[in-house]
Amino acid sequence: MSQLRSSTSRTHLSTWHIVFVIVAAAAPLSAMVGTVPLAFAVGNGPGVPAAFAFAGLTLLCFAVGYAVSARRTGGSGGFYTSIADGLGRPAAVAGGFIAVLSYNAATIGLVGAQGYFTRLVLASHGYHVSWEVCALAGVALVAVLGHREITLSARLLALLMIGETGVLLALDIAVLVRHGASALPAASFGHQATGPGLGVAMMFAFVSFIGFESAALYGGEARNPRRNVVRATYAAVVLISVFYTLTSWLAVGAVGARNVRATAGAQLGDLFFVLAGDYLGTAGRTVLEVLLCTSLFAATLALHSAANRYAHVLATDGLLPTALSARHPRHGSPHRASTLQSALNLVAVAVFAAAGLDPYADMTTSMLGLGTLGIIVLQAAAALSVVGLLRRGGGAGVWQGLVAPLLAFAGLTATVWLVLGNYSLLTGTDSAVVGALPWTLPALALLGAGYAWWLRTNRADTYRRLAGRDGGERTVPVEAAPAAAQASVTRPD
């Protein structure tokens, strides 16, 4: 354990380092290009910006409650420790298994998207490379960065985030300059906001935020976990929601509120490229195309980092092979977990390529759809766990410990229902195999909870160490609680 402390002490993530990592996971440019046109076409059209604003407010409520858990747990372990803190170890193990599956599936899905879009962009400029080669090149670079200290990835992600948000901000400014106040049509927040297709628009809005919640995974590598993790989560929610709402609103203004549904339905993934060509010229469109590829790479790297940290923490607690719990003696990274995740990416590319399946229509949609659903389920469980803390007298005040997390839980539960009801739309396929993938989530939850109960009976020492810090029982000062309650709080069984 001393080796673990010494290795991780070399890594000092600031609040903004963590913000860049988690905003990269949300992939703002990819969300705008790939998700917003579909939300325009099959959702509530010009009302989509209001859906993003509502999703942002709901997830801000989630962040308020999540901050309570982050302060108690020291900001490490993500959903695994958060759920343990409020709902107990069996629920935590169930959540940990779902997290490992979901983040790995989402990463694999992004590998497919990266290969697909990189091939298209290269082909448009006269370079013909197979999607497999493009995907494998991305996997190799992610593997190298995942082996190194997280600060290196954070710095690279910062540069990529500046690039992708910069080109969209340039587009936003160009639309404002050309249209003035009419670029922000009131219809987007009027009766159109609650029109037909609202449920589908809400689903796509919440899906676009996936990854923002991963701040707590980097608590062990932060300068001040309790402060950095909480601030990064708040900052990420605010930045992403404002950016999504404003950019989608200006897209409505650029196309026209009356025309946006039909135009988006005709152009779909080309919508923002057409807008870039119109408002920024050919060079602007080319830059947008290139930065879409780097955005997908950034999201892959960010979710890769999240996936291998979940594997690392579960391995540390004996829920996965203990070899995955090792940290690199010099870089402090969970290098074995990172290597395994990279190997899974390689296998996925090989399997889909050998089967002759499409990297986007088959690989991306199926894997990213499953990962997205699993992460939203975990968000809902984490919100509920904060309410569990209040019930036990270990949470914060009524707003932080009850009202905000319950609002978040209601919104996230509704989103899970919407995703399940529109799963074929989210994944873009009616395949029975893809449609059955969500059943893996309750199956894993039952397996995890059952294993935890078995450990409680047969390996009590191991059970007591689950979701603890430094391999021991969790006893964490409660900074947000009244002084009388700040001695120590242990999580429920």
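Glu 289 counts as buried, with 12% relative accessibility, where buried means under 20% relative accessible area, exposed over 50%, and partly exposed in between (1.4 Å probe, protein chains only). Arg 285, with a relative accessible area of 29%, is partly exposed, and it forms a salt bridge with Glu 289 in which the closest N and O atoms are 3.4 Å apart. A salt bridge is here a side-chain nitrogen of Lys or Arg within 4 Å of a carboxyl oxygen of Asp or Glu. Arg 285 and Glu 289 are 4 residues apart in helix H13, so about one helical turn separates them; helices (H or I, at least four residues) and strands (E, at least two) are DSSP runs, numbered from the N terminus.

## Basis of the model

This is a predicted model, in which local features need pLDDT of at least 70 and side-chain atom pairs count only at pLDDT 80 or more, while totals for chains, interfaces and linings use all residues. Residues are numbered from 1 along each chain as its sequence is written, and side-chain values use heavy atoms, with hydrogens and water left out.

## Other salt bridges

The structure holds 4 salt bridges, one of which joins Asp 278 to Arg 178, with 3.3 Å between the closest N and O atoms. Because Asp 278 lies in helix H13 (residues 271–316) and Arg 178 in helix H9 (residues 150–179), this pair ties together parts that are 100 residues apart in sequence. Asp 278 is partly exposed at 44% relative accessible area, and Arg 178 is partly exposed at 45%.

The side chains of Arg 148 and Glu 149 also meet in a salt bridge (3.6 Å, N to O). Glu 149 is buried, its relative accessible area being 19%, whereas Arg 148 is partly exposed, at 32%.
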